[in-house]
Amino acid sequence: MAADLAALAADRDLTPLWAAVHKRLCAGRQPAAIASVRVEGLSSGGLATLRAWVDTTARRRRDQSAVVASGRVTVVPIRDVLAALGLSADDLQRLVEMAVGRPVIDLAAARRTASAQRRGLWADVEAALPSLPGLVARMRAAGTDDETAVRHLVGALARVVPLLPCTPPTSLAKLSHDYAGDPHYFDLDQLPGVRLVTAVAELTGVSEPRRPDLVRAMLAGVGILADRLSSTVLIHQVRVRGTGPIDRRLRDATTPVALTLLDLTVHPPTFAPQVLTVVENPSVLEAAMTHASPLAFACTSGHLGSVDHALLQLAVDHGVSLRYAGDLDGPGLHIANVVAETYGAQLVAMSADTVEQAGPEPSDVPLGEPPAWLDQGLSDALRSSGRVVYQEHDTVLKSLFTP
């Protein structure tokens with residue numbers, strides 16, 4: 001008479017055995033094909049039960065059990081167990097599902113199905129974007145857990161690519177709205193925007209740019225205008241010698257002027273040779289006006305975006321000598337390093353002397369570990385202080401306002 005499956009499933013001593021069988025079934029093995037399983041953590045009670053079921057009198061006399069235990073691993077002959085219990089191979093799956101509490105899912109079959117679906121997906125992507133084999137290869141190498149998102153992206157790109165170059169030019173948000181259903185879909189800080197940039201670079205045969213101003217310039221070359229108005233850079237007392245509308249605005253200004261990427265690319269001013277101090281915080285420009293400083297300043301407002309890169313490159317092209325100063329914290333030091341290496345700016349108010357003159361407690365904000373690439377003297381001074389030195393500190397302002 002066959003054993004009671006519910007009673008067998010409820011025996012906690014045998015749970016490790018049924019769990020091991022469950023794992024084999026999920027790996028794609030058929031119940032009838034499982035001759036034995038390796039079980040870890042089988043209790044002494046479970047071992048005794050199994051041996052009572054399957055060991056014959058002859059085996060016992062020879063002290064050779066059919067259930068072989070070695071350390072924590074026990075090899076159990078499943079076919080012998082089923083025969084002793086009067087169960088068929090078809091009963092095995094129901095038994096282990098009851099014992100483990102979850103159904104057997106053929107993961108191997110699921111993987112084969114998923115693999116076939118992925119092959120179908122990438123075949124469809126290749127067919128939709130025949131002019132972008134490089135982009136398709138990159139997307140395929142990256143893989144995906146969301147086929148729907150990939151198909152939506154590919155569909156949007158397939159609708160946009162034939163339009164390039166856009167005539168007349170259109171904004172990135174308008175393009176996103178009309179061909180992806182969301183004005184922010186191709187935002188450049190999102191993966192679809194990154195894919196669009198890669199696509200344009202491949203279509204135009206140029207190396208994919210990394211600087212945000214160069215990315216926007218490349219997109220503008222195919223008629224896609226990427227946010228030229230919302231980000232600004234502040235300019236104060238910068239001398240110009242051109243005759244364009246931005247030159248006139250800067251020449252007539254008595255207070256800082258906010259210039260957009262549109263201003264710097266469509267009507268770029270012509271800077272006169274001079275020293276331009278670029279700072280991180282607008283408060284420095286406020287202090288410059290308060291102190292009636294005659295120096296020329298520009299302010300990036302705490303980041304280094306496309307409009308800031310455009311200004312710095314324009315200044316270099318016009319022979320302007322650049323000085324750069326930022327907060328002595330992690331982000332400030334990183335931006336300063338980029339500006340110095342990319343545009344040859346001289347760093348000011350960012351030295352060991354600045355930290356020492358700022359005193360032992362220049363702020364209440366802890367600094368953390370200075371970057372590994374930092375000058376050793378500045379690094380030692382920052383470690384000794386342990387605090388951030390901000391541009392609002394009088395020591396920094398005094399240094400910045402010194403011609």
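User: Which residues touch the most other members in the largest nonpolar core?

Analyst: A nonpolar core is a set of buried Ala, Val, Leu, Ile, Met, Phe, Trp, Tyr and Cys residues joined through side-chain atoms within 4.5 Å. Buried means under 20% relative accessible area, exposed over 50%, partly exposed in between, with a 1.4 Å probe and protein chains only. Here the largest core has 58 residues, and Phe271, Leu322 and Leu400 touch the most other members. Helix α16 (residues 306-317) gives the most to this core, with 6 residues. Apart from it lies another core of 33 residues, among them Leu172, Tyr185, Met218 and Val222.

User: What kind of model is this, and how are residues numbered?

Analyst: This is a predicted model, where local features need pLDDT of at least 70, side-chain atom pairs count only at pLDDT 80 or more, and totals for chains, interfaces and linings use all residues. Residues are numbered from 1 along each chain as its sequence is written, and side-chain values use heavy atoms, with hydrogens and water left out.

User: Which residues is Leu400 in contact with?

Analyst: Contact means heavy atoms within 4.5 Å. Leaving aside neighbours within four places in sequence, Leu400 contacts Thr277, Val279, Val284, Leu295, Phe297, Arg323, Ala325, Val348, Ala349 and Gln391.

User: How many bridges pair β8 with β10, and in which sense?

Analyst: Strands (E, at least two residues) and helices (H or I, at least four) are DSSP runs, numbered from the N terminus. Two strands pair if DSSP finds at least two bridges between them. Strand β8 (residues 275-279) and β10 pair in the parallel sense over 5 bridges. Thr277 has Arg323 of β10 as its bridge partner. On to β11 (residues 346-347): 2 bridges join this strand to β10, again running parallel. There, Arg323 is partnered by Gln346. From β10 the chain crosses through helix α17 (residues 330-343) to β11, a right-handed β-α-β crossover. Right-handed means that, with the strands pointing away from the viewer, the path from the first strand over the helix to the second runs clockwise.

User: Is β10 (residues 321-325) mostly covered or uncovered?

Analyst: Mostly covered: 4 of the 5 residues in β10 are buried.

User: How far does helix α11 reach?

Analyst: The expected span of a helix is 1.5 Å times one less than its number of residues. Helix α11 (residues 191-204) has 14 residues and reaches 20 Å from first C-alpha to last, close to the 20 Å expected. Its buried residues include Leu196, Val197 and Val200. They pack against α8, α9, α10, α12 and β5. Gly205 follows α11, with a positive phi near 70 degrees.

User: Is Val389 buried or exposed?

Analyst: Val389 is buried, at a relative accessible area of 1%. Its place is the loop between α19 (376-385) and α20 (394-400). Beyond residues up to four places away in sequence, Val389 touches Asp327, Leu328, Ala358, Pro362 and Val396.
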